[in-house]
Amino acid sequence: MTSESNVKWIGKNTIRPDGADKVTGRAAYAADATMPGMIWGKILRSPHPHARIRSIDTSKAEALPGVKAVMTSADFVEFPVDTPVPIGIQDMRWMSRNIMARDKVLFAGHPVAAVAATTEKIAEQALELIEVDYEVLPWVIDVEEAMKPDAPILHDHIRFEGKPSNIAGKLEHTLGDVEAGFAQADVVIERSFRTEPVHQGYIEPHACLVSVSDGKATVWSSSQGQFMVRGMCAHMTGLPQNDIRAIPAEIGGGFGGKTIVYLEPVALVLAMKSGRPVKMQMTREEVFRATGPTSGSVSKVKIGATKDGKIVAAEGTWWLQAGALPGAPIRGPVGCGFAPYDIPNVHTLGFDVVCNRSKVAAYRAPGSPIGAYAVECVMDEVAEALGIDPLELRLRNAAKEGTKAAYGPVFPRIGYEETVRAAMEHPHYRAPLGPNQGRGVASGYWFNAGGESSAQVNINEDGSVVVITGHPDIGGSRASTANITAELLGIDYRKVSVLIGDTSVIGFSNLTGGSRVTYASAMAVTESTREVINTLKARAAKIWGIDPEAVIWENGEARPAGENAGNFEPLTLAEIAAKANSTGGPIGAGKQLNAVGAEGGFGTHICDVEVDRELGIARVVRYTAFQDVGRAIHPAYVEGQIQGGAAQGIGWALNEEYIYDKNGKLDNASFLDYRMPVCSDLPMIEAVIIEVPNPKHPQGVRGVGEVPIVPPLAAVANAIYNALGIRFYSLPMSPPKILAALEQTERLAAE
Amino acid sequence: MTETQYLAPHSLDEAVSALLAANGTGRILAGGTDLLVQMQAGIVKPGLIVNIKKIPEMTSIEETPDGGFRIGAAVAGAVVGEHERLGKAWPGVVEAINLIGSTQVQGRASAGGNLCNASPAADSVPALVAAGAVATIHGPNGRRTVPVEEVPAGPGRTNLAPGEILVSFTLPPRPPHSSDAYLRMIPRTEMDIAVVGCGVSLTLENGKCTAARVGLGAVAPTVLLVKDAADALIGSKLEDDALEAAAEACRAACRPIDDKRGTIAYRTKVAGVLLKRAAAIAADRAGRA
Ligand SMILES: Cc1cc2nc3c(=O)[nH]c(=O)nc-3n(C[C@H](O)[C@H](O)[C@H](O)COP(=O)(O)OP(=O)(O)OC[C@H]3O[C@@H](n4cnc5c(N)ncnc54)[C@H](O)[C@@H]3O)c2cc1C
């Protein structure tokens, strides 16, 4: 590949192609789409957390002037509960029931019907005219309550150990023999933890516009994958995929929450029934009530180590709330929890527990922060018990090339140790702390994903380049793709335009998720560009009348090589493009592939907090995140990912939580009371980029976007312990909780 | 479907008659940062909206002949923040008004709206109560004045009669070595709603507190004037004992609820902490040696 010395665009903070549009308000998000004749769709949602639907009478709503269509789950294809219908990592049985309740409502906010009308107001009035006869059922939200023998059962078809249960699934990994391992340990620490559900908090609520004409549907929507939108719409309506064109709008954040659909199939049915284009847009309240947060959890983690700081055994069990339908991210904690460490004996176990709240959706490294929270807090206690510096303990046990992870793989070259060393050597780790301040560290791991990507690289008549990929750009992938293409072709990156193709112009491309886009699309783009370069060389050879093998591509031009060297003036890309027609026609290439070798990513964070002991407020005052990113194609974007992940993790640790009232309804469905950090809550988060290239990728890329949300929960908890001498075993560590713990400690000290 | 009428009168009498004619369906619009949000959420559905920002008396700040201030009820927070002499005399009132929302919200939100929305957590109200501000109210039967703490009746309810409009706040003249301060506890650093708010206004003479008032927010159905806390401060040199006694009076005055924003125990404890901190700031501003 490109040798380090003459790299021109990879690693450069090029100007983001979407930047000007975004800051000037020109960027077209899904809610900006309008069409002549467009009408508005609205959803009727269940007021009950759990109820059987005896009947739904929509006749009055249908009779209201201005109403053009009404739908219920009867208008969707039915997927029987006993036959899995996988689409990606989702299952249509659950997706369809999540989008529109069938037989039962399973959470307050669960859609039961939808209408489309000429105005939003009429649509809202029509919702009030729909009569739903509910048989209200007992409900359960808490994960531990949901597992009790007398808990209300959500789904009759779910059985665990032969009995009706809310435990919908289980995942287990075993390495070595933990019992034997713990027998060798000098120190064994076991603790239980609890986390609350937290929402992805993307700024843009879900929105779409769907138009159907002559049996062909066009869907404009905000999603993390237009092909996912097309696939789910096709499944739900029975339309063939070629009759659905899904166009990805500019997206205002997703963080995993837009890897599934909520509105598009509903709008599609309403559009089919009404013959009019239908627009739907959620309110923020609907986003909180009915779209996926991630799981709340309880967990238990046990780690045993010898006096010299060698971890000999580790065990972890996680119970994760799935919400209304199966699918909690148990893979996250069970697979990633102990992955940073080389431990001979490991046992991890996870349970997928359904309960009466909205179904979880992916959230940045799904489940892994929950795993790391428990593991990294116990690691801190083990280090303390052994009298070893917590980073030193991590270093002594660091996973490295050749380490076998409990979830299966043997790691190739990875950069975990490098993150720990960088943290130990960073001035932050030695900086003095002020009064009421404390410092904590934690590490984290995320698998990263590969999968299907398609790319098309076209050379324009003037020698500029258009690249089309199939992934919505959430984190700056257009800029990274432009950097890579410009690098390979040896041209100015401003000559490269990168577009996101809709489902009718580019081949299948899997979701923007799993930190996979820059990784996988770089592979498809690299292969396409290499083919383009071969064509360019062949065209130059034809012009010169020499053998194509005797042409090399260097610095954006074809040069004769070998015995022809110096015999012809080099031909630039623009010159070859100008002659494309006479040398064989337009030049371009497309590749479609299933990217493999997305190696995992590791990070280690240092967090300083300051606690107001009288008010119980913990504030992060300094934060440094160290991450092995493989290769930073666009460093500013990589830093942005690391800072964003850390910020979300800090919010999870300190203030964010879903609060339910006594009727099982979410009580804080707004950004006022769902307390994500605001800008002034956080210090500038320093991102330290470490580059241990992924040996399986042409540019060395590893996924970047998810790892940084994994360590903060424990890093903050460990810092608060360091400041106060009090360990918290549940999140969020909100002011009332901290103050209550301080008072209790004072009381105990006084007694 | 009922339509909403909109009116922007230039005089108070016009506004009052329009409100009366609307038969209880009328709503006053100042900055709209509460009203429009509530309309969006479907909580209120006014038949008539009366925009009061065209009434000069309600959108101006004046210095009274005796050395006090008269702040129009509809003056936006940003305008209050730019009034230099007001800021010198009543830094606590001004900081409380300026804490409302964000820069964008400050361009619209008024202290009058803050008071009449009658949220127990309204930020400007404890400071206005501590300041001894008097509300001037104009209605069908002419004008009346009441202390600010008598305007709210409970969460979302005021003691204004039908057709009555809050016109302005009057702040009394300031003796030398007087100042005030407002503090609120929020889990975040901004864009949050007070879990507890505390305003303290005091006057010092040779280091001794000769006058004081304490307003406490978000710990009861309405913002409280805590006389016992003020009494604990008056006559003291703000020694630890006096501050602790005042804090205890604040805790004792609390009648909070447990909700998503804070627990009873937490709010009660914090009320005392904020009293001490706000008193210290006010004393420093008053020129405590
Ligand atoms: C993003 C955001 C952040 C916020 N942050 C805060 C905060 O930090 N602290 C805080 O306390 N509040 C906050 N608020 C609430 C709101 O901004 C304040 O209560 C503000 O002071 C209301 O003033 P307004 O002029 O906008 O009132 P409006 O919305 O115009 O009116 C509020 C109510 O009072 C009535 N009313 C208004 N003026 C009069 C009058 N002169 N006479 C009689 N009745 C009247 C109206 O009819 C209405 O019922 C926030 C709101 C938003 C949207």
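The legends below describe close-up views of a predicted model.

**View 1. The domains of chain A.** In this predicted model, chain A is divided into domain 1 (4-27 + 450-595), domain 2 (36-137 + 204-252 + 258-290) and domain 3 (297-448 + 599-750). The centres of domain 1 of chain A and domain 3 of chain A, taken over C-alpha atoms, are separated by 38 Å, and their contact takes 26 residues from domain 1 of chain A and 20 residues from domain 3 of chain A.

**View 2. The interface between domain 1 and domain 3 of chain A.** The size of an interface is often given as the accessible area lost when the parts come together. Here about 1700 Å² is buried between domain 1 of chain A and domain 3 of chain A, with 55% of that area given by carbon and sulfur atoms. On the side of domain 1 of chain A, A:Ile10, A:Ser515 and A:Tyr519 supply 31% of the area buried against domain 3 of chain A, more than any other three residues. Between domain 1 and domain 3 of chain A there are zero salt bridges, whereas nine residue pairs are in polar contact.

**View 3. The side of domain 1 of chain A that touches domain 3 of chain A.** Helix H15 (477-489) and helix H16 (517-544) of chain A each supply at least two residues of this side, and the largest share, six residues, comes from H16(A). The residues of this side divide into nine nonpolar, twelve polar and five charged.

View 4. Leaving aside residues up to four places away in sequence, A:Glu286 touches A:Ile43, A:Arg45, A:Gln281 and A:Thr291.

Terms used: Residues are numbered from 1 along each chain as its sequence is written. Chains are lettered from A and ligands numbered from 1 in the order in which they are written. This is a predicted model: local features need pLDDT of at least 70, side-chain atom pairs count only at pLDDT 80 or more; totals for chains, interfaces and linings use all residues. Side-chain values use heavy atoms; hydrogens and water are left out. Contact means heavy atoms within 4.5 Å. Domain bounds come from an automatic or database domain assignment. Buried area is the accessible area (1.4 Å probe) that two parts lose on being put together, summed over both. A salt bridge is a side-chain nitrogen of Lys or Arg within 4 Å of a carboxyl oxygen of Asp or Glu. A polar contact is a pair of N or O atoms within 3.5 Å; within protein, one must be able to donate a hydrogen and the other to accept it, and residues adjacent in sequence count only if both atoms are side-chain atoms. Helices (H or I, at least four residues) and strands (E, at least two) are DSSP runs, numbered from the N terminus. Ala, Val, Leu, Ile, Met, Phe, Trp, Tyr, Cys and Pro count as nonpolar, Asp, Glu, Lys and Arg as charged, and the others, Gly among them, as polar.
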